[in-house]
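Reader: Could you show me, step by step, how to read the way helices sit against their surroundings?

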Amino acid sequence: MKFEWITDWDTIWSDTFLERWHRWMETSENVHVFFHPAMVKAWVDTYMPLRDIRPIFCIATQGETTLFLPLVLWHKNWKNAFVRSIVPVGYSDFDYHDPIVTGNKNISWGQFWDEFFKEVEKKWENNFDTIDIDGIRQRSIGTSAHWQEIEACPYIELSSFSNSDEFLQSLKKNLRQDTKRRVRRMEENSNVQFEVFNPDDLETALETLPELLRHHILRWPNAYKAPNFHTNLIKVLLPIGLLHFSRIILDSKTISWRIGFIYRDRYYSYMPAFDIEYNQYSPGKVHLFYCIDDAIKRKIQVYDQLRGAELYKNEWTNTVDTVWSYYQTNNNKISKLKTKLNELKNAIKR
């Protein structure tokens, strides 16, 4: 397997490389939205002013097969013992980091990962302290003992449903009845509007975002949100149709928001939030149903609920992808000392 490394941003954002990148996305069967050039650009533009991140985009080829894995070398600050980590683009903000594959889809994943990590250790031996790659789905993992199973990502197969009524019939009786009852209660007693922002609704979508973030923080106060990240997602992805940003308006007041992505035949449910004062209507559950209904109307094949341990996700489906992570420390003494210091600092903080 031959490896090529792209290590400067000017090359990555050049028309020549972007054309190559888009061609991989268009011809890959395992493609996902998180390594779309526009998604990557939104993340890089967010973190470049905040972190010392340098590109090491990997292109591996073997015969007619190409694998593309965008990585960055993150130089952390003194608070993190100056640890230098190789991580995927998107890191904790992106749910999946599977390499994009074109050509022969029957690739030996064990071979790829084994050769990849050997190449990283040889090529970047003196430039990194840790390798931290997560968001790799089970079908992609290699043979190393450094792999660990971390969580499941539930998803809903929608291809067999022609409308949302058929979908509801596939659910367990209690969930089906409860969903119908809550939708009916909201729609009968109030003036309800389900709105999906169109590409030309950019200004309104940006005006709506702060309320979404405020209510999300109230629900998940410890979840880190990089400044301007969600603003960049809207600015970059909404005009090109990759972003699915919706809200529920009840009696002229927005009570629920949901950010998702649509790419190829898959909907990615990324970030929900709702106003807890309207909890009696179960706006989160109603909004989820509205988005599934919208996905079916758009002929979406899969509704992906992504990573996250929320129990409600398992009520809607029994189909999951298992997600794995790989973590390794460089064997040199300085790297081991720095990572131990960083682990100690984190333990004291906890």
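Author: The buried residues of α8, where buried means under 20% relative accessible area with a 1.4 Å probe and protein chains only, are F229, H230, N232, L233, I234 and L237. This is a predicted model, in which local features need pLDDT of at least 70 and side-chain atom pairs count only at pLDDT 80 or more, while totals for chains, interfaces and linings use all residues. Residues are numbered from 1 along each chain as its sequence is written, and side-chain values use heavy atoms, with hydrogens and water left out.

Reader: What covers the buried residues of α8?

Author: Contact means heavy atoms within 4.5 Å, and the cover includes helices α3 (37-47) and α7 together with strands β11 (243-250), β12 (253-263) and β13 (266-274).

Reader: At what angle do α7 and α8 pack?

Author: Angles run from 0 to 180 degrees between N-to-C directions, with axes fitted to C-alpha atoms over the stretch in contact; here α7 (residues 202-219) and α8 (residues 229-237) pack at about 155°, their axes 10 Å apart. Because angles over 145 degrees count as roughly antiparallel, α7 is roughly antiparallel to α8. On the α7 side the contact is made by L202, A205, L206, L209 and L213, and on the α8 side by H230, T231, I234 and K235.

Reader: Is D293 buried or exposed?

Author: D293, which is found in helix α9 (residues 283-297), counts as buried because its relative accessibility is 15%. The side chains of D293 and S164 are joined by a polar contact of 2.9 Å, a term for a pair of N or O atoms within 3.5 Å, of which, within protein, one must be able to donate a hydrogen and the other to accept it.

Terms used:
Helices (H or I, at least four residues) and strands (E, at least two) are DSSP runs, numbered from the N terminus. Angles under 35 degrees count as roughly parallel, over 145 as roughly antiparallel, 65 to 115 as roughly perpendicular and the rest as oblique. Buried means under 20% relative accessible area, exposed over 50%, partly exposed in between (1.4 Å probe, protein chains only).
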